[in-house]
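Visitor: I have a model open and would like to learn how to read it. Please take me through it feature by feature.

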Amino acid sequence: MSLKFLRNVVLKALGLFVAFNLVFAVLPPMEGRRWSLYQGVLPGRERLPFGETPQRSYNLSLYDLDAMMASLRLANGHKPADEFRVVLIGDSATWGTLLRPQETLAGQLDAVGLQLPDGRQVRFYNLGYPTMSLTKDLMILDAAMAYEPDLVIWLVTLESLPGDKQLESPLAQNNAQRVQRFVRMYDLPLSAPPMPTFWQRTWVGQRRALADRLRLQLYGVMWAATGIDQDYPETFTPAARNLEADASFHQWTGPSLPEEAMFYEAFKAGKQIAGNVPLLVVNEPILVSKGQNSEVRYNFYYPRWAYDDYRQQLEEKMNEIGLPYLDAWNVVPEAEFTNSAVHLSPRGVKQFAEVMQAWLWDWMLANE
Amino acid sequence: MTLMHILVFGAVALVARLFLREIGRGWLLLAGSVLAMYWMQPAMPLREMDFWLPTVTLALTVFSWVLITPETVRQERKQWVTGGVLAALVLGVALTRYLGATGVLTATRPPQTGAVLMGLALVVGIAWLLGRFTRPAGRVLTVAVVTLIGLFVVLKWPLLTVWFSAGLRWLSGQAVERATALDVRWLGFSYVAFRLIHTLRDRQNGRLPTVSLQEYINYVLFFPAFSAGPIDRLERFLKDLRALLGDVAEDLGMGGKRLVVGLFKKFVIADSLALFALGPQNVGQVTGTGWQWVLVYAYALQIFFDFSGYTDIAIGLGRWLGIRLPENFNAPYLKPNLTQFWNNWHMTLTQWFRAYFFNPLTRSLRTARKPLPATVVILLTQVGTMVLIGLWHGIGWNFVLWGLWHGLGLFVQNRWTEWMRPRMAWLEARPRIAAGGRVLATVLTFHYVALGWVWFALPTPTDSLTVLLRLVGG
């Protein structure tokens with residue numbers, strides 16, 4: 001071995017490293033690369049990966065939607081012929097904060113074991129994700145269509161609608177290409193986040209995304225071994241019942257909600273994305289407080305004037321667009337909310353699921 | 001050692017090797033090791049202890065050198081120069097307090113200069129008293145060894161560590177009632193203590209070469225091996241330190257290879273396995289026997305790749321600096337019996353215990369007035385050594401049981417080997433059966449070691465028993 005030999009080794013390694021990075025940057029982006037240990041080596045997850053304390057929840061938050069979808073039970077092979085596939089998209093209430101997978105809305109609806117008159121088994125899949133943004137929901141809906149749903153149920157709440165909330169979700173911020181595509185295809189009134197630079201597309205620039213993808217596979221072992229995919233604290237701070245005497249919602253103070261500032265265009269886009277697959281919209285339950293200043297606000301999120309106006313607007317919009325709609329805003333009593341004005345206890349979810357089940361059954365029979 | 005530490009150490013070693021070569025090598029190692037010791041020491045809830053604990057490590061090293069070195073050598077001018085350089089380095093680290101509100105080299109802001117000067121004066125005073133009133137004789141050296149072991153026990157026994165922390169809190173004016181065993185994180189003390197005890201014991205036995213203060217500091221605090229070994233022997237280390245540097249390309253090439261392999265083992269394989277390895281948190285959560293085995297295997301592999309990765313990194317960095325540190329691991333999981341496993345797992349630690357505990361104990365039991373039967377001697381020495389190695393990791397029942405597990409395993413394997421000895425000729429005449437037997441023995445040995453980790457990885461024997469029962473479907 002000589003210094004010249006070592007120098008050549010180092011230079012060649014550097015050259016290969018640079019070349020690899022350049023090739024990586026010019027190849028099509030991460031979107032579409034679907035390798036995963038789930039389904040093959042590991043059982044699929046019941047809901048999308050999300051977690052801020054990976055070592056306790058055996059789960060993590062990442063932004064690679066393809067990797068996230070590929071980790072789900074939903075992605076396990078082809079859809080069975082005897083399955084009627086229903087996917088639920090929404091926020092943390094649908095995902096199931098503080099709830100075990102079987103306690104979530106999808107879990108409880110699935111446990112009922114609905115069967116259609118034609119013999120197909122109705123299976124519910126949880127595609128909720130814990131941030132409030134309809135743009136994020138559109139991204140998930142778009143990804144879900146690859147898994148051949150027969151029905152999509154989109155659970156929404158007012159907090160997901162304001163325009164300024166749309167790109168706040170890290171999932172939207174870190175998927176500029178997808179968002180730009182939606183903006184272009186569906187003429188959405190959004191200023192999409194900037195596209196990743198050349199440097200960000202290199203292997204070095206993508207190191208976080210690649211490491212997250214790898215960690216998602218590794219935490220899958222603990223998911224498989226324990227069935228845990230969330231950190232369940234022994235105690236939590238309950239959602240506020242006594243409220244501030246503040247009638248504002250975001251920057252608005254009433255008396256009506258500015259329709260143009262709400263992202264109702266998302267529903268039109270959602271309908272287009274779903275294509276022939278029926279899309280049902282549900283206004284999810286909220287905490288209706290009876291505490292201090294409850295005559296001003298329903299809960300921490302919503303002043304009464306804004307929420308009442310939103311319900312009216314949403315119903316009108318759904319009729320206008322032609323989307324079946326269920327307003328379930330007050331079907332769950334105050335006591336069944338946990339650490340947020342939209343998070344339900346298992347019993348609260350059960351009550352909501354019963355309402356949903358009856359509505360769905362009617363809809364399915366009517367549309368068979 | 002974090003990745004950042006390793007990168008900086010690598011850069012320093014590379015520059016030193018390529019551009020400085022032998023020029024000021026001893027001084028560079030000394031300065032590098034002392035500064036690295038302060039830099040690597042993590043922050044603690046105890047005020048300014050991230051400065052004082054490395055300073056105490058340095059002081060203990062100086063005191064040990066004073067005790068093992070004849071007066072004529074101690075009085076040489078170069079030793080005073082080294083002492084002065086050490087004091088200047090400590091003072092230099094302390095003066096970084098004026099460079100910012102937070103620590104620059106240390107984790108937090110160093111103490112006030114006056115306190116540091118007083119501390120240095122105290123160290124010089126103790127070193128002078130040790131040199132003035134003691135001779136490198138058996139009794140003083142024994143006291144020094146016992147003191148180091150005592151300090152070790154305090155750090156490894158949670159009950160005593162809490163008291164120690166409370167004492168330090170009282171000294172620094174912090175709330176004594178908030179003391180916990182986790183307060184004291186004295187980086188590198190275990191390995192430093194091993195090296196110091198080795199030199200003190202070898203001085204007692206008259207086997208230690210004379211060594212300058214600079215060389216001694218470089219041996220004890222050598223930064224690539226400071227926090228995780230290997231535990232080199234002084235005379236071997238000196239051979240490399242005093243020799244001219246070898247072929248630079250050979251050293252850089254071989255060292256670089258070890259460094260890259262070590263980084264991959266530690267930061268890719270071990271850290272990945274750590275995400276699902278057996279641990280106190282997941283012990284009660286796992287459902288299913290199969291997955292329980294996966295977690296145990298993951299732990300067995302994680303601990304190997306973690307530790308051997310660090311060893312590779314240390315050996316690689318050492319090689320760049322012209323020091324060939326001893327090997328610590330040699331495919332231990334591929335050995336066909338427990339004795340061979342222990343001859344190839346953390347080899348420098350087992351050699352240390354063999355030299356300073358196992359062999360002396362065996363000699364003492366065999367030469368006792370009423371010698372015990374050989375079988376009993378083997379049982380006592382093997383179980384005793386392994387329990388002691390267990391206790392080195394921490395004083396608790398889990399480590400005692402882990403030591404017992406291996407001690408008894410070694411004893412049973414020893415008896416089995418004795419039983420097999422007359423039958424070996426028959427076996428060797430049948431190579432296929434012998435080869436099959438070796439594979440089976442390797443698999444059995446690996447599983448015995450892997451199951452032993454269940455005692456090691458979990459904090460209570462109850463947890464370990466639960467896991468062991470679950471592994472067999474219980």
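Guide: Start with burial. A residue is buried if 20 or more other C-beta atoms lie within 10 Å of its own, exposed if 12 or fewer, and partly exposed in between, with C-beta atoms placed from the backbone. A nonpolar core is a set of buried Ala, Val, Leu, Ile, Met, Phe, Trp, Tyr and Cys residues joined through C-beta atoms within 7 Å. Two ground rules follow. This is a predicted model, in which local features need pLDDT of at least 70, side-chain atom pairs count only at pLDDT 80 or more, and totals for chains, interfaces and linings use all residues. Residues are numbered from 1 along each chain as its sequence is written, while chains are lettered from A and ligands numbered from 1 in the order in which they are written.

Visitor: Which residues have the most contacts inside the largest nonpolar core?

Guide: A:L88, B:Y299 and B:W453 do, in a core of 126 residues. Contact means that two C-beta atoms, placed from the backbone, lie within 7 Å. Leaving aside neighbours within four places in sequence, the contacts of A:L88 include A:L105, A:F124, A:I153 and A:L155. A second, separate core has 75 residues, among them B:V93, B:Y216, B:L252 and B:L317.

Visitor: How many residues of chain A are in contact with chain B?

Guide: 15 residues of chain A contact 16 residues of chain B. On the chain A side, helix 1 (3–26) and helix 10 (207–226) each give two or more residues. Helix 10 of chain A gives the most, with eight. Helices here are DSSP runs (H or I, at least four residues) and strands likewise (E, at least two), numbered from the N terminus. By type, the chain A side has eleven nonpolar residues, three polar and one charged. Nonpolar covers Ala, Val, Leu, Ile, Met, Phe, Trp, Tyr, Cys and Pro; charged covers Asp, Glu, Lys and Arg; the others, Gly among them, are polar.

Visitor: What should I look for in the backbone?

Guide: A:E148 has a positive phi of about 55° although it is not a glycine. A:E148 sits in the loop between helix 6 (134–144) and strand 3 (151–156) of chain A. A:E148 counts as partly exposed because it has 13 C-beta neighbours inside 10 Å.

Visitor: Where is the cis peptide bond?

Guide: Between B:G229 and B:P230, with omega about 0°. B:P230 lies in the loop between helix 10 (213–221) and helix 11 (234–242) of chain B.
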